[in-house]
Amino acid sequence: MGFLLRWICALVLVTATYNPTDWNYVRWVRQTYPDQLPLMVLLGLLLLIGYIIYLRATLRSIGAFGMLLILAVVAALIWVLIDYGLLDLTNRALTQWIGIVALSLVLGIGLSWSLVRRKLSGQADVDDVDE
């Protein structure tokens, strides 16, 4: 359940930033730029904090190579689905949603990886030890 919650939070973060609908930060900023600048800055900083938390945890737990590896697995899965005729990427909105889900999976796995590793190996990851 912990991974699912972390992944849903990552999905909300990425979707709130951009998605193919009209309900996202990027589109809202483009439409109302000069009118609500203080609110735009505040919400942009909150999104940035969310990304810093997720990216820092992801880079510490799986690193850049791990991120690329997860994206490669997702890309291979998409390739298989296209090859079997189960997925058609001519729909631009669907393609964007697939990218959003892929990015959120990378962030969700990255945030959860230390917990998964601890359960599999019995060892905890420790970056800083206070004596």
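**Entry 1: a charged pair**

I began with D22, which is exposed, at a relative accessible area of 53%. The model is a predicted one, and I kept that in mind throughout. Which side chain does D22 meet in a salt bridge? I found R27, with 3.0 Å from N to O. I then looked up R27 itself, and R27 is partly exposed, with a relative accessible area of 24%. Side chains of opposite charge can pair when their charged atoms come close. I also asked how many salt bridges the structure holds. The count is 1.

Next I moved to N24. I located N24 in the loop between α1 (2-17) and α2 (25-31). Is N24 buried or exposed? N24 is buried, because its relative accessible area is 5% and buried means under 20%. I then checked the side chain of N24, and one of its polar atoms lies 2.7 Å from the backbone nitrogen of R27.

I searched the whole structure for aromatic pairs and got 1. The pair is Y25 with W28, and their ring centres are 6.1 Å apart. Their planes stand at 50°, so the pair is tilted. Where do Y25 and W28 lie? I placed both in helix α2, 3 residues apart, which is about one turn of the helix.

**Entry 2: nonpolar cores**

Which residues make up the largest nonpolar core? I wrote down 7: A10, L13, V14, L47, Y54, I100 and L107. The elements that give two or more residues to this core are α1, α3 (37-61) and α5 (92-121). The most comes from α1, with 3 residues. Not counting residues up to four places away in sequence, V14 touches Y51, I100, S104 and L107. Two of these names, I100 and L107, are also on my list for the core. I noted another core too, lying apart from the largest one. This other core has 5 residues, among them V74, I78, L87 and I98.

**Entry 3: L115 in α5**

I stayed with helix α5 and looked up L115, which has its place there. L115 counts as partly exposed, at 30% relative accessibility. I then took the distance from L115 to V101. They are 14 residues apart along the chain, and their C-alpha atoms are separated by 21 Å.

**Entry 4: the whole chain**

Last, I stepped back. How many helices and strands does the protein chain have? I counted 5 helices and 0 strands. From the N terminus on, the elements run α-α-α-α-α. Along the principal axes, the C-alpha trace spans about 50 × 50 × 25 Å. Of the 131 residues, 25% count as buried. Residues 24 or more positions apart account for 62% of them.

Terms used
Residues numbered from 1 in each chain as written. Predicted model: local features only at pLDDT ≥ 70, side-chain atom pairs only at ≥ 80, totals over all residues. Heavy atoms only, no water. Salt bridge = Lys/Arg side-chain N within 4 Å of Asp/Glu carboxyl O. Buried < 20%, exposed > 50% of the residue type's maximum accessible area, 1.4 Å probe, protein only. Helix = DSSP H or I, 4+ residues; strand = E, 2+ residues; numbered from the N terminus. Polar contact = N/O pair within 3.5 Å; in protein donor to acceptor, adjacent residues only side chain to side chain. Core = buried A, V, L, I, M, F, W, Y, C linked by side-chain atoms within 4.5 Å. Contact = heavy atoms within 4.5 Å. Phe/Tyr/Trp six-rings, centres within 6.5 Å; stacked < 30°, edge-to-face > 60°.
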